[in-house]
Amino acid sequence: SSGINAEYGDRFNVHPSGKIIRLSGDGCPWKQHLYDLEEETGTEGSILYVLAKSADSWRVITVGVKGEGFTNRLPLPEKWCGVRDEALSELTGIPQCVFVHASGFIGGNRTMEGALQMASKSLEIHGKV
């Protein structure tokens, strides 16, 4: 969990809102560590998106509401849900989009910068910045 401590500390360098963290490494289980860190620092609910590398792309993962199963703190925008590839890039204005899941809990982009733009734009659309 030392990795997520550093990544949590670095969150304002990833995005000025401090609401997005970027995981380095293999995407080891992070949810419980994140909830614990937020509790320890009195910042419960502050992280809305996690950026994590997958085999050939970067994922934008919504953070779930603790203890609520499939409820997310902030799903990706509804109009993006179920859209893929070029159509998604056109819709979002962000190059190299791969997908957003139909339920809006996860999305993907071929680059880290693109994934960050997706998370950032989602915050803007939802009025969270």
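Me: How many bridges join β3 to strand β5, and in which direction do the two run?

Reply: In this predicted model, β3 and β5 (residues 106-109) are joined by four bridges and run antiparallel. Within this pairing, valine 60 stands opposite glycine 107 of β5.

Me: Which strand do five bridges join to β3?

Reply: That strand is β2, and β2 and β3 run antiparallel. The two form a hairpin, with four residues between them. For valine 50, the bridge partner in β3 is isoleucine 61.

Me: Is β3 mostly covered or mostly uncovered?

Reply: In a regular strand, side chains alternate between the two faces of the sheet. As for β3, four of its five residues are buried, and the strand is mostly covered.

Me: Which residues have the most contacts inside the largest nonpolar core?

Reply: Nonpolar side chains tend to be buried together in soluble globular proteins. Here the largest nonpolar core has 21 residues, and those with the most contacts inside it are Ile20, Tyr49, Leu51, Val60, Leu88 and Met118. Two or more residues each come from β2 (49-53), β3 (58-62), β4 (97-100) and α5 (112-125). The largest share, six residues, is given by α5.

Me: What does methionine 118 touch, leaving aside residues up to four places away in sequence?

Reply: Among the residues that methionine 118 touches are Val60, Trp80, Leu88, Ile94 and Phe99. Its contacts also include Gly107 and Gly108.

Me: How many residues does the second, separate core have?

Reply: The second core has 16 residues, including Ile4, Val98, Phe99 and Ile106.

Methods. Residues are numbered from 1 along each chain as its sequence is written. This is a predicted model: local features need pLDDT of at least 70, side-chain atom pairs count only at pLDDT 80 or more; totals for chains, interfaces and linings use all residues. Side-chain values use heavy atoms; hydrogens and water are left out. A nonpolar core is a set of buried Ala, Val, Leu, Ile, Met, Phe, Trp, Tyr and Cys residues joined through side-chain atoms within 4.5 Å. Buried means under 20% relative accessible area, exposed over 50%, partly exposed in between (1.4 Å probe, protein chains only). Contact means heavy atoms within 4.5 Å. Two strands pair if DSSP finds at least two bridges between them.
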